[in-house]
Amino acid sequence: MYRYDEFDHAFVNARVAQFRDQVERRLSGELAEDAFRPLRLMNGVYLQLHAYMLRVAIPYGTLNSKQMRMLAHIARKYDRGYGHFTTRQNIQYNWPKLSDTPDILAELATVEMHALQTSGNCIRNVTADHFAGAAQDEVADPRPYAEILRQWSSVHPEFSFLPRKFKIAVTGAERDRAAIQVHDIGLHLKKNEAGELGFAVYVGGGQGRTPMIAKKIKDFLPEEDLLSYITAIMRVYNLHGRRDNKYKARIKILVHETGTEELTRQVEAEFAELKNTELKLPEADVKAIAAYFAPPELPARAEGWASLAEWKKRDEEFARWVNNNVKPHKHPDYGMVTISLKPIGGIPGDATDAQMEAVADIAAEYAQDEIRISHEQNIVLPHVALADLEPVYRALVAAGLATANSNLITDIIACPGLDYCALANARSIPVAQEISSRFGAPERQEEIGELKIKISGCINACGHHHVGHIGLLGVEKKGAELYQITLGGSGDENTSIGEIIGRGFEPEKVTDAVETIVDTYLGLRLSKEETFLDAYRRVGPQPFKDALYGATAEAAE
Amino acid sequence: MADKVLTGNRLGDGIAVWLDAAGNWTENLQDALVARHAEAVQSLEEIGKRDFAANLVLDVNVIDVAEVNGKIRPLRLRERIRAEGPTMVYADGYKAADPDFIAA
């Protein structure tokens, strides 16, 4: 993984010192809140319902065990013994004192971490496929490019005060696990016919109150032009993006209002000016960054095949966990392990300090010291020998981290919702907990198969409900919570925005409604191989509407 | 007019607090001073502005409450959750909010 050089260390330490001074001046009363607010936000410090919240960046979701231990240490020393992993591959602490935040940031800096650009109208943490560098279907590792973009965008003077926040995601495989089509810019790393690396470039995707699927404006951008082309897009956005209305300020609105053709023309015109300037990526620099992400040496461990078969035969629970949570690795003797942060009836994305320590221990001993955070709020160990799966599983069981539900109905994404968030209108976590408990039986989950439920507590859609196969959006109606259901969303290479199925459901009725939807699917699917999403795309919303509201009621609406 | 209390978040640690009768900011909603008429509400608003300007609290708001069985209960769910904390068990040593208090 990337290691800080002297410049990086000096830069991050200088920012910590600067923020320490700002916090001291705030606490002494020298700085008023209006002046301080933008400064704290630039350092990831929000104010939520109960306390401040600190969002720490995990660049493209990659970290090592030392960094994970630091996250555990911060949870223990400065918070209430846990942290919340987010849909942007970051971690949030819910109870830090403002007065402690400079110390927290100083401790993070010792392990090459920070909270810069985790808020504000700037380019945020660049996200990537959580299986990067390990997946069988990958053309190339997307993380070197995410790192190049991170370096380029960090305190970029031209792009620190954009009309609105800006999110970039990169994937290196045809199978999109980074949801690139619902980002401001989505980059699909691929090879052309000559075998050269480049990117398909998508612009103007996003969720929030106006969900939009990104438009592809370039089918193949040569690698060397990455920064000049992205700069061209940013310039067009910075110049023409709306600043008069916060709700229309994201680039998706600009793309929509300008039209893809005209916007592409503007980007290309900018690009023509920038193409062969200092923004051109020198091959040596790309190689130098890529070297940090060189795949670990993975010795042959062919003995794992026989052991694995034997272990699976002996232990049904272990077999279930392997079937659901371990995916094939590039190297046939290895697997990619998903550590579910979705215990049945638990809080999606939360991990205690002890669990973070356990993951660090396991990663150090069995997984080449590499850890990833997925945008689906789980942890991934990308390189685990099949021969080590059994001890890894035992260690996860001991830490309460062996839930065998990856990609199943209880692998729910949920934002913090009204239990924490100052923007929320309704709770997300208790709804996720109830659905998880209802469908928690392993046999039932497996019978249902792949089904992604995503829950947001307000229209800002941090819980990605628009791309949930079943999406739940919490709203406030007449002072009470109500949950609107969308069906058919998806955040992969065939991205779709879910359709609102009908009137919303009260908190005590929403789990029943989800169950009705699931039962309807089970009744109409052609075979077990037809997933919920495939079935929905085949039959459309009507059978689900009929089941939820009755055929007559729907006709009368 | 609904009864009202003054709330905010404490500067140093961000913890939710309410103004009590002695003019202090308390972590316990039940100790809050309840304003029952327009003049008292105006006074709360002025104290809120003053203490915000004095950098004691931020995100200061006057919120609607009702007294039910001798207990102060905010009318909005958001404010009930602010008063009681998250509604599920979220960490060792911390209780979930009282469901009866949270319920609509």
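In the predicted model, 32 residues of chain A are in contact with 26 residues of chain B. The two chains bury about 2,400 Å² between them, and carbon and sulfur atoms account for 59% of that area. On the chain B side, B:Leu11, B:Met88 and B:Tyr90 together supply 22% of the area that chain B buries against chain A, more than any other three residues.

Polar interactions across the interface were also counted. Between chain B and chain A there are 14 residue pairs in polar contact, counting pairs with both residues at pLDDT 80 or more. The count of salt bridges between the two chains is one. This salt bridge joins the side chains of B:Arg76 and A:Glu476, with an N to O distance of 3.1 Å. Three elements of chain B, namely strand S1 (3-10), strand S4 (57-68) and helix H2 (77-84), each supply at least two residues of the side that touches chain A. H2(B) gives the most to this side, with four residues. By class, the side of chain B that touches chain A has 14 nonpolar residues, six polar residues and six charged residues.

In chain B, five strands form an open sheet in the order S3-S2-S1-S4-S5, with antiparallel pairing. Strand S3 (25-26) and strand S5 (71-74) of chain B stand at the edges; each has a single partner strand, so one side of each is left without a neighbour in the sheet. S3(B) is joined by two bridges to strand S2 (residues 16-19) of chain B, and these two strands run antiparallel. Within this pair, B:Trp18 of chain B stands opposite B:Thr26 in S3(B).

For chain A, an unreviewed UniProt entry lists residues 119-272 and 409-525 under "domain: Nitrite/sulphite reductase 4Fe-4S". In the model, residues 119-272 of chain A are 31% helix and 18% strand, and the end C-alpha atoms of this span lie 32 Å apart. Residues 409-525 of chain A are 30% helix and 21% strand, with end C-alpha atoms 16 Å apart.

Chain A has an open sheet of five strands in the order S6-S7-S8-S9-S10, with mixed pairing. Its edge strands are strand S6 (127-128) and strand S10 (215-222) of chain A, each of which pairs on one side only. S10(A) runs antiparallel to strand S9 (residues 197-203) of chain A, and five bridges join the two. A:Gly198 has A:Pro222 in S10(A) as its bridge partner.

Pairing was also found among strands S17, S18 and S19 of chain A. Strand S17 (residues 453-456) and strand S18 (residues 470-477) of chain A run parallel and are joined by four bridges. In this pair, A:Ile455 has A:Leu472 in S18(A) as its bridge partner. S18(A) is also joined to strand S19 (residues 480-487) of chain A, here by eight bridges and in an antiparallel arrangement. A:Val475 stands opposite A:Leu482 in S19(A). S18(A) and S19(A) form a hairpin with two residues between them. In the turn of this hairpin, A:Lys478 has a positive phi of about 50°.

Terms used. Residues are numbered from 1 along each chain as its sequence is written. Chains are lettered from A and ligands numbered from 1 in the order in which they are written. This is a predicted model: local features need pLDDT of at least 70, side-chain atom pairs count only at pLDDT 80 or more; totals for chains, interfaces and linings use all residues. Side-chain values use heavy atoms; hydrogens and water are left out. Contact means heavy atoms within 4.5 Å. Buried area is the accessible area (1.4 Å probe) that two parts lose on being put together, summed over both. A salt bridge is a side-chain nitrogen of Lys or Arg within 4 Å of a carboxyl oxygen of Asp or Glu. A polar contact is a pair of N or O atoms within 3.5 Å; within protein, one must be able to donate a hydrogen and the other to accept it, and residues adjacent in sequence count only if both atoms are side-chain atoms. Ala, Val, Leu, Ile, Met, Phe, Trp, Tyr, Cys and Pro count as nonpolar, Asp, Glu, Lys and Arg as charged, and the others, Gly among them, as polar. UniProt positions are given in the numbering used here, feature names are shortened, and annotations may be inferred rather than shown by experiment. Two strands pair if DSSP finds at least two bridges between them.
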